[in-house]
Amino acid sequence: HRDMEIISIPLEGALQHKDSQGNSSIIRKGEVQIMSAGTGIFHSEFNASSTEEVKFLQIWVLPKKLGVQPRYEQKAFELKTRENQFSLVVSPDGRAGSITINQDAFFSLGDLHSGKELTYLNYLPGNGVYIFVLQGELEVNGQRLTSRDGAGMKAGERLNLKAFSDSEVLLMEVPA
């Protein structure tokens with residue numbers, strides 16, 4: 001692949017990664033990996049276990065700048081840092097300990113307890129936000145969402161979330 005930002009987020013189990021840059025690692029829940037394919041890279045992901053199932057998200061984002069040197073980054077994030085709040089895991093500048101992406105994009109994970117209400121404010125006013133419910137049930141700006149539901153919000157729209165059960169969410173803020 002080339003000229004693509006590829007983010008992998010394990011949900012269950014362990015994911016083995018290998019690429020043509022010599023990177024080889026295992027990624028688990030609580031960790032996030034980004035690969036900037038840039039000028040070109042071969043890669044593969046597969047279940048690291050012969051006995052446990054693996055479930056993961058792999059999200060592809062168009063880069064801000066084309067033809068960059070391929071890059072790989074992986075980081076573990078403490079699950080407790082996202083309890084009843086949003087934890088920034090991907091950003092263009094590595095702020096708040098996040099991993100960096102070649103795009104004006106911000107990914108945040110949150111674990112909300114039942115009854116918890118949170119508001120999400122964009123990092124950049126021109127970005128839209130796509131919310132994906134990993135598990136649970138919540139309301140986003142009056143719309144009820146359950147496990148594996150997603151909803152896109154226009155640039156500048158404020159996100160108000162209310163959990164009806166313990167819920168895990170991924171917010172992907174990208175240029176609109």
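The legends below describe close-up views of a predicted model.

Local features are reported only where pLDDT is at least 70 and side-chain atom pairs only at pLDDT 80 or more, whereas totals for chains, interfaces and linings use all residues. Residues are numbered from 1 along each chain as its sequence is written, and side-chain values use heavy atoms, with hydrogens and water left out.

**View A. The open sheet β6-β1-β4-β7.** This sheet consists of 4 strands in the order β6-β1-β4-β7, with antiparallel pairing. Strands are DSSP runs of E with at least two residues, numbered from the N terminus, and two strands pair if DSSP finds at least two bridges between them. Because β6 (55-61) and β7 stand at the edges, each with a single partner strand, one side of each is left without a neighbour in the sheet. Neighbouring strands are turned by 15° against each other on average, direction ignored; the axes are lines fitted to C-alpha atoms, and angles run from 0 to 180 degrees between N-to-C directions. Strand β4 (residues 31-36) pairs with β7 over 6 bridges, and Met-35 stands opposite Tyr-72 in β7.

**View B. Strand β16 and its partner strands.** Strand β16 (residues 159-163) has a covered face, formed by Leu-159, Leu-161 and Ala-163, and an uncovered face with Asn-160 and Lys-162. Strand β11 (residues 117-120) runs antiparallel to β16 and is joined to it by 4 bridges; here Tyr-120 stands opposite Leu-159. Strand β13 (residues 137-140) also pairs with β16 in the antiparallel sense, over 3 bridges, and Leu-138 stands opposite Ala-163.

**View C. The salt bridge between Arg-82 and Glu-168.** A salt bridge requires a side-chain nitrogen of Lys or Arg within 4 Å of a carboxyl oxygen of Asp or Glu, and by this rule the count comes to 9. In the bridge between Arg-82 and Glu-168, the closest N and O atoms are 2.8 Å apart. Arg-82 lies in the loop between β7 (71-76) and β8 (86-91) and Glu-168 in strand β17 (residues 167-175), so the pair ties together parts that are 86 residues apart in sequence. Both Arg-82 and Glu-168 are buried (under 20% relative accessible area; exposed is over 50% and partly exposed in between, with a 1.4 Å probe and protein chains only). Lys-29, Arg-82, Asp-111 and Glu-168 are linked in a network of salt bridges.

**View D. Salt bridges of partly exposed residues.** Arg-71 and Glu-73 form a salt bridge with the closest N and O atoms 2.8 Å apart. The relative accessible area is 28% for Arg-71 and 23% for Glu-73. Arg-95 and Asp-93 meet in a salt bridge at 2.9 Å, N to O; Arg-95 is partly exposed at 35%, and Asp-93 is partly exposed at 45%.

View E. Rings of Phe, Tyr and Trp (its six-membered ring) pair if their centres lie within 6.5 Å, with planes under 30 degrees apart counted as stacked, over 60 as edge-to-face and the rest as tilted. The count comes to 3 aromatic pairs. Phe-106 and Tyr-123 are stacked, at 4.5 Å centre to centre and 15° between the planes. Phe-106 belongs to strand β10 (residues 106-112) and Tyr-123 to the loop between β11 and β12 (127-135), 17 residues apart. Phe-106 is buried at 1% relative accessibility, whereas Tyr-123 is partly exposed at 33%. Tyr-120 and Tyr-123 form an edge-to-face pair, at 6.3 Å and 65°. Phe-86, Phe-106, Tyr-120 and Tyr-123 form one aromatic cluster.
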